[in-house]
Amino acid sequence: MTDGAGGLGLILEIQRAIAEEYGWPDGRMETHTLARVDPATLRVYTGVYLFSGLFRMVVTLDNGQLYLQYGPFGDKPQKLFLESETRFFMTSAPFVIDFRREADGSVKKAKGRNGPEELDGEKIAEANS
């Protein structure tokens with residue numbers, strides 16, 4: 001029943017509920033604090049990222065809000081919420097992304113965490129304007 005569109009979201013929701021019920025440390029919902037960042041700085045994070053050489057994720061900016069598009073998270077881009085100037089999280093999945101800023105302010109790398117799994121990512125293309 002979970003191999004269709006949005007199946008990963010259902011699997012993650014079931015895993016989180018079980019982890020919460022049994023007090024398992026992995027898979028439980030994390031608590032995040034929202035931060036404020038100048039919306040003009042968000043454009044540097046947009047682009048196409050390849051994580052662990054396998055998982056292609058697209059980060060876009062729309063009306064001052066970052067979104068992440070990744071098929072297993074669903075057909076629609078998922079809203080990214082700011083936790084710090086370089087860290088964003090999703091409420092629809094236990095996904096956190098830390099962007100790595102270069103000395104010149106550009107972003108070429110990111111680290112994604114989906115629950116306990118950590119993935120190294122690299123920007124492979126700029127976002128379409």
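Buried here means under 20% relative accessible area, exposed means over 50%, and partly exposed lies in between, all computed with a 1.4 Å probe on protein chains only. The structure described is a predicted model, in which local features need pLDDT of at least 70 and side-chain atom pairs count only at pLDDT 80 or more, while totals for chains, interfaces and linings use all residues. Residues are numbered from 1 along each chain as its sequence is written, and side-chain values use heavy atoms, with hydrogens and water left out.

**Confidence**

The predictor's confidence in each residue, pLDDT, runs from 0 to 100. The protein chain has a mean pLDDT of 84, and 84% of its residues reach 70 or more. Within the chain, confidence is lowest in H1, with a mean of 72, and highest in E1, at 97; the labels are those of DSSP runs numbered from the N terminus, helices (H or I) having at least four residues and strands (E) at least two. Where pLDDT is low, the predicted coordinates should not be read in detail.

**The sheet**

An open sheet is formed by 9 strands in the order E4-E3-E2-E1-E9-E8-E7-E6-E5, with antiparallel pairing, where two strands are taken to pair if DSSP finds at least two bridges between them. Its edge strands are E4 (78-79) and E5, each of which pairs on one side only. Strands of a sheet pair through backbone hydrogen bonds, either parallel or antiparallel.

E6 and E7 run antiparallel and are joined by 3 bridges, and they form a hairpin with 5 residues between them. In this pairing, phenylalanine 88 has isoleucine 97 of E7 as its bridge partner, and phenylalanine 89 has valine 96 of E7. The hairpin of E7 and E8 has 5 residues between the strands, and in it glycine 105 takes a positive phi near 95°.

**The nonpolar core**

A nonpolar core is a set of buried Ala, Val, Leu, Ile, Met, Phe, Trp, Tyr and Cys residues joined through side-chain atoms within 4.5 Å. The largest such core has 22 residues, and those with the most contacts inside it are Leu68, Leu80, Phe88, Ile97 and Phe99. At least two residues of this core come from each of strand E1 (47-51), strand E2 (55-62), strand E3 (65-69), E7 and strand E8 (107-114). E7 supplies the largest share, 3 residues, and E7 is itself mostly covered, with 5 of its 7 residues buried. In soluble globular proteins, nonpolar side chains tend to be buried together.

Contact means heavy atoms within 4.5 Å. Leaving aside neighbours within four places in sequence, phenylalanine 88 is in contact with several residues, among them Leu42, Tyr45, Leu66, Leu80, Ile97 and Phe99.

**Salt bridges**

A salt bridge is a side-chain nitrogen of Lys or Arg within 4 Å of a carboxyl oxygen of Asp or Glu.

| Glutamate 85 | Arginine 101 | 3.2 Å |

The salt bridge between glutamate 85 and arginine 101 links distant parts of the chain, 16 residues apart, with glutamate 85 in the loop between strand E5 (81-82) and strand E6 (87-89) and arginine 101 in strand E7 (residues 95-101). Glutamate 85 is partly exposed, at 43% relative accessible area, and arginine 101 is partly exposed as well, at 33%.

In the remaining tabulated pair, glutamate 126 is exposed at 57%, whereas lysine 123 is buried at 13%.

**Alanine 35**

Alanine 35 is placed in the loop between helix H1 (7-22) and E1, and is partly exposed, with a relative accessible area of 27%. Leaving aside neighbours within four places in sequence, alanine 35 is in contact with Leu82, Glu83 and Ser84. The C-alpha atoms of alanine 35 and arginine 87 are separated by 9.5 Å, although the two residues are 52 residues apart along the chain.
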